[in-house]
Amino acid sequence: MQSLKLPVLITKDTNQAKEALVAKEIIAIPTETVYGLAGNAFDENAIRKIFLLKNRPLHNPLIVHIKSVDYLKEIALDIPIKAMVLANHFWPGPLTLVLKKHPKIPDIVTAGNNTIAIRIPNHPLTLELLNKLDFPLAAPSANPFGSISPTSSEHVANYFKDELKIILDGGRCAKGIESTIVGFENGEPIIYRLGSLSVEEIEQVMGPLNQRIHNAESPEAPGMLEKHYSPKTPTYFTDDVAALCKTFKGNKIGVLLFKNKILDADIHQQEILSLTGNFQEAAANLYASMHLLDQKKLDVIIAEKLPEIDLGRSINDRLERASKNRIIT
Ligand code: TXA
Ligand code: MG
């Protein structure tokens, strides 16, 4: 007999979300950065489902979401003093710390690494959910591997409505790009991934920081090596959008701009990230604008490079990866 497939339930009810997780299912959860595909971090089978659902290579480790700074010692060992300073200062918030892994976390979560990535997400619904659970949640961003991250429950439903039973609906993500990842070497913090918490904000607490943003020479976060955050439409990244538009004359062009419109009759669709030039607003709008442009059946998307300061750097990092091999300077 064929089983009847129920449509995905988009709900704000954390009890239903809890029930599904306890039954070893995977659900989508909201965070302040992007939505995640969450499962019990202690349950190897649940974690395997996440990798399958996302079509994510098993060598790319997941972030584990916890409910309190106190809980850190349950899943991490030898925590450096500076990690505690950062955790106390920025959690709940868009900062992920890479620490030594506790043996009770299954190896599949960390892709066999002896380190584990951990954060407390700053979203009221997900914090409410975590406080009802006696396990932490492993959750990568809720998008198929390599594609644009989701910042609304609609984005998640567009990707996974046939595979998920529950999306916990927390509205639009306030921060809009993934957490900043910080690892430690000899107790000293190093930035591994740019994200929603700017380097400047972390440096205000820690002083000048070393950065080792992932590239082919420094595979600390393997997921950052591949082409990532990518629209299906060919995407270019440049600091002179108007000039590049001219070279694509005759094509159906969409542009993704920081704050100023362009006067060019050939442009089919313009997305402005922040009319006032506010980096935080631009970050919050980035993925929604990319999703929108990608649905417009354009020939090409041309994205503008932002100033290399503050969250401008994080946004540029994502656009550069989205347009891998199509960067025009
Ligand atoms: O904001 C976020 O961080 C979102 C929300 C859902 O929390 N999550 C997220 O997860 O962006 P994901 O899986 O899309 O990206 C996690 C990144 C990957 O690049 C992965 O390689 C890196 O974290 N990572 C995970 N564990 C690591 C570890 N032990 N050492 C270094 N990098 C690690
Ligand atoms: Mg991701």
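A disulfide is a pair of cysteine sulfur atoms within 2.5 Å. I searched the whole structure for such pairs and found 0 disulfides.

Notes on the model. I am working from a predicted model, in which local features need pLDDT of at least 70, side-chain atom pairs count only at pLDDT 80 or more, and totals for chains, interfaces and linings use all residues.

Cysteines. I looked up C173 and C245. C173 is buried, at a relative accessible area of 4%, and C245 is buried at 2%. Buried means under 20% relative accessible area, exposed over 50%, and partly exposed in between (1.4 Å probe, protein chains only).

T31. I placed T31 in the loop between strand 2 (27–29) and strand 3 (36–40); helices (H or I, at least four residues) and strands (E, at least two) are DSSP runs numbered from the N terminus. T31 is buried, with a relative accessible area of 3%. Leaving out residues up to four places away in sequence, I found T31 touching R119, P121, H123 and C173, where contact means heavy atoms within 4.5 Å. The T31 side chain makes a polar contact of 2.8 Å with the side chain of T33, and one of its polar atoms lies 2.7 Å from the backbone oxygen of V34. A polar contact is a pair of N or O atoms within 3.5 Å; within protein, one must be able to donate a hydrogen and the other to accept it, and residues adjacent in sequence count only if both atoms are side-chain atoms.

Salt bridges. A salt bridge is a side-chain nitrogen of Lys or Arg within 4 Å of a carboxyl oxygen of Asp or Glu. My search of the whole structure gave 16 salt bridges.

I looked at D78 and K100, whose side chains meet in a salt bridge at 3.0 Å, N to O. D78 is in the loop between strand 5 (76–77) and helix 4 (81–90) and K100 is in strand 6 (residues 95–101), so the pair ties together parts 22 residues apart in sequence. D78 is exposed at 62% relative accessibility, while K100 is partly exposed at 40%.

I then took E188 and K82, also joined by a salt bridge at 3.0 Å, N to O. This pair links distant parts of the chain, with E188 in strand 11 (residues 188–193) and K82 in helix 4, 106 residues apart.

Definitions and conventions
Residues are numbered from 1 along each chain as its sequence is written. Chains are lettered from A and ligands numbered from 1 in the order in which they are written. Side-chain values use heavy atoms; hydrogens and water are left out.
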